[in-house]
Amino acid sequence: MRLKGRKVVGGCAEGEALVSRDAVSFYGGVDPETGVVTEKGHDVEGRSVSGKVFVFPTGKGSTVGSYVIYRMKKLGTAPAAIVNVETEAILATGCVIAGIPLVDKIDGEALEGLESGMILRVDADSGVVESVEL
Amino acid sequence: MLAGEDSPAAAKLLELLVALGEVFGAERLVTVESAHISGVSYKNLGEAGLEWLEEQADLGARARIRATLNPAGMDMDLWREMGVPEEFAEGQRRVIEAFEMMDVEPTCTCTPYLIGHIPKFGSQVAWAESSAVCFSNSVLGARTNRESGPTTIASAVTGLAALYGYRLDENRRPGVIVDVEEVLMTTMDYSALGYITGRRLGTTVPYFRRLGRPSLEALKALGAACATSGGIALWHGEGVTPEAGVMEEHLAGLEKIVVGRGDIEEAAAWLTRPLNDPVTVLGCPHSTLGELREIAGLVKGGDLEGSLWVFTSRGVYAEAVEAGYVGVIEEAGGRVYRDTCMVVAPVREMGWREVATNSFKAAHYMANMGLETRIGTIRELLSEVPG
């Protein structure tokens, strides 16, 4: 599978996919020490985002979330890459300052084909997300 | 500059502006004349934000345009008296030092426009702090989006911002007409109007009719509340704000809503609980000299025993000391603090449980922090404290 999106923050990464259908707030919604999603009722609550290609529709919440993404990168708990349907300023800011590849404008229906556990390669410079056959 | 010829920090910060410009479909960058930077309180930044700020300072980030700073989590001199924990104070001091190294003025106020940071009509600026954004866009007619801490630092260091949103004429047009049915009198009335409007409109630009003759304090309160309950960054007021006249030709066919006394009373009721022993907190946004004069007049000779806290900027504080207002408030047992406010100070650690205020913005945030709140005019609130 090969999906084409838009580069927001460049770079390449490969990792296991963590796919959520809910918006994500890194401030208050993810524990930066452990990388685990802590937001109550979130569809990936209790799962770790560390080292994953984290796929979710968009961001939400406080602008402080940008600093949380940066903190996670420093602690080694950050996702390897982020893939959104439609990104927003908090995530874009966080990914730039942390140096995490970020791709968005992946077709919503194509996104349905992605599942947690797949191995994904993200080439953000060319906006490509593809599955890696093991 | 993208190649890093200025400083390593500047190259990275420019990359941030370009990335955001791409996200929002900006065609190019524009020069901005000034920046107002948010994300200053250690309560919100934590170690993560502090580390990033220190890294920027170390990598050579320096403001090349005028840049002022939003409130910190404590009065930088009187934090002990406020009951702020030592560890918090240490983190907060490091935040301010990092900003000072970046040549940012440590003004620590949400009202830079009250201390001489007043952008010209039509100028492009990069301001964060939602209430200051509203004041700048609406009352001054300067142009900014609702920026964040990192983006305002990026603009301060590069002198640039991405050209999108409220920087463009077509996005400054009103989307809804708000007819004010009631004669608005107090600052609290205007704060209520803003709070109601933000809740109903979200991020749509309102065009207010029959706003009366709002004072400086009312203009400050209206925008602050609009930006709290909604994401409003710009409002127009017929006969009040500088772009309202130009917008008249864009009113045809707009949806209209009406706000009356009943709506104002209902809004106050949302944020009002019966309280036993509240701290009265005033100065959200930071108090003007006129507000300090009013407060001093009402509490003179009273015995407040520390149950009144007033927040303002250092610039206005100095004027109020000169005029004798601070002395009168302190003699009556009230406290006046600079650099901070009830929204960004670690108030739970300071032991607060109940607060009374004239600001819908302050009440909204304090209710979200789990405190019990009540809303009233300055006169109502100060007639209730013992004295």
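**Entry 1: where the chains meet.** I looked up the contact between the two chains in this predicted model. I found 17 residues of chain B in contact with 17 residues of chain A. On the chain B side, the elements that give two or more residues are α1, α2 (42-58) and α6 (149-158). I then sorted that side by class and got 8 nonpolar, 6 polar and 3 charged residues.

**Entry 2: the nonpolar core.** I asked which residues have the most contacts inside the largest nonpolar core. They are A92(A), C95(A) and L102(A) from chain A, and L13(B), C134(B), I329(B) and M342(B) from chain B. The core has 168 residues. Helix α1 of chain B, residues 8-23, supplies the largest share, 9 residues. I noted that α1 of chain B also gives two or more residues to the side that touches chain A.

I picked M342(B) and listed its contacts, leaving aside its neighbours within four places in sequence. M342(B) is in contact with V281(B), C284(B), F311(B), V347(B), V355(B), A362(B) and M366(B).

**Entry 3: chain B as a whole.** I counted 15 helices and 14 strands in chain B. The radius of gyration of chain B is 21 Å, close to the 21 Å that the globule rule gives for 387 residues, so chain B is as compact as a globular protein of that length. Along the principal axes, its C-alpha atoms fill a box of roughly 65 × 55 × 35 Å. Of the 387 residues, 54% count as buried. I also looked at contacts with a separation of 6 or more in chain B: residues 24 or more positions apart account for 80% of them.

**Entry 4: domains of chain B.** I wrote down the division of chain B: domain 1 (8-169), domain 2 (173-266) and domain 3 (271-384). The centres of domain 1 and domain 2, taken over C-alpha atoms, are separated by 26 Å. Their contact takes 14 residues from domain 1 and 16 residues from domain 2. On the domain 1 side, I found 6 nonpolar residues, 7 polar and 1 charged.

**Entry 5: strand β3 of chain A.** I then followed β3(A) to strand β6 (residues 53-56) of chain A, where 3 bridges join the two and they run parallel. Here V19(A) stands opposite V55(A) in β6(A).

Terms used:
Residues numbered from 1 in each chain as written. Chains lettered and ligands numbered in written order. Predicted model: local features only at pLDDT ≥ 70, side-chain atom pairs only at ≥ 80, totals over all residues. Core = buried A, V, L, I, M, F, W, Y, C linked by C-beta atoms within 7 Å. Buried ≥ 20, exposed ≤ 12 C-beta atoms within 10 Å, placed from the backbone. Helix = DSSP H or I, 4+ residues; strand = E, 2+ residues; numbered from the N terminus. Contact = placed C-beta atoms within 7 Å. Rg over C-alpha atoms; globule rule 2.2 N^0.38 Å. Domains from an automatic or database assignment. Nonpolar A, V, L, I, M, F, W, Y, C, P; charged D, E, K, R; others polar. Pairing = 2+ DSSP bridges.
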